[in-house]
Amino acid sequence: MNVFIFTDLEGISGVTNIDFMDKDNPKYSLACQLLCKSINSAVSACIDAGADKIYYIDGHAGGGNICEEAIDKRALKCSLSEWQTLLENGGIDCQIELGSHARAGTIGGFLDHTVSSKSWFCHKINGIEMSELSLHALVCGAYGIPTVACIGDEAACEQAKEYIPDIYRGAVKKATCRNFAENYDNADNILTDTIKTALNNYKNVSIYKIDEPATVSLTFCRTDMCEKAYARCTDEVTRVDARTLCRTVDKITRYGDLKF
Ligand SMILES: [Zn+2]
């Protein structure tokens with residue numbers, strides 16, 4: 001059993017307010033340490049559950065949050081393109097979302113957003129609002145790989161069920177408002193227990209798929225953001241309104257197909 005851990009920072013245990021996201025704030029380095037600690041707990045849980053190979057990606061804000069030396073040597077760091085190659089070559093049996101947060105516009109979601117807090121207002125596929133978890137899960141699903149666990153805040157875990165009803169969920173904290181959360185005392189046990197249970201049952205978890213050809217649309221926060229993105233797009237992208245771009249994807253195979 002080969003496991004891929006897709007990490008993000010917002011849903012990590014101990015990351016309890018928006019200051020942790022600011023690279024100029026001392027709390028940011030603490031957030032990075034907490035991320036490494038959570039990855040190491042996840043790696044140990046994967047080993048306990050019988051994983052042969054464990055891969056992870058530093059998924060927050062394009063990476064640069066993880067000190068590789070601090071990570072358990074039994075796990076291998078990957079880039080987004082290496083993740084894609086592993087998917088294509090059958091190198092992964094299941095995926096875990098670690099540090100997950102709810103999509104943009106979620107009541108009760110800690111630091112709710114989808115891909116970009118600044119510019120993405122709403123991302124939809126076939127009219128269904130997407131989260132980062134669902135976007136990753138769709139790409140995995142294209143290769144028959146289930147996303148088996150979501151570790152993050154309560155809203156992220158609850159929302160994950162909308163896409164994958166039988167996904168295993170481990171909420172490690174709860175938002176008190178968009179920019180603040182309260183951590184759970186037993187967060188580390190929740191993380192490891194959820195991962196072990198998910199991996200012991202990974203073959204039974206639903207694979208997330210969507211009807212194809214798929215209509216992918218992105219509404220930006222502002223018109224100029226849409227203009228800028230549209231200028232980079234190829235001919236198959238249409239501008240639906242001032243702030244929205246749309247394309248049809250015959251078959252979802254790559255993460256890049258779902259972005260603009
Ligand atoms: Zn993030």
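User: How do β1 and β4 run, and how many bridges join them?
Analyst: Strands β1 (residues 2-7) and β4 (residues 94-100) run parallel, joined by five bridges. Strands here are DSSP E runs of at least two residues, numbered from the N terminus, and two strands pair if DSSP finds at least two bridges between them.
User: Which residue in β4 is the bridge partner of V3?
Analyst: That's C94.
User: Before I go on, what are the ground rules?
Analyst: It's a predicted model: local features need pLDDT of at least 70, side-chain atom pairs count only at pLDDT 80 or more, and totals for chains, interfaces and linings use all residues. Residues are numbered from 1 along each chain as its sequence is written, and side-chain values use heavy atoms, with hydrogens and water left out.
User: OK, what's the strand order in the sheet?
Analyst: It's an open, mixed sheet of seven strands, ordered β3-β2-β1-β4-β7-β8-β9. β3 (75-78) and β9 (180-183) are at the edges with a single partner strand each, so one side of each has no neighbour in the sheet.
User: Switching topic: which protein atoms are donors of the zinc ion?
Analyst: D8 (OD), E10 (OE), E10 (OE) and H60 (ND1), at 2.0 to 2.7 Å from the zinc ion. Donors are N, O and S atoms within 2.8 Å of the metal (3.2 Å for Na, K and Ca); water is not among the atoms, so sites may look incomplete.
User: And the spacing in sequence?
Analyst: The donor residues follow D-x1-E-x49-H.

Notes
Helices (H or I, at least four residues) and strands (E, at least two) are DSSP runs, numbered from the N terminus.
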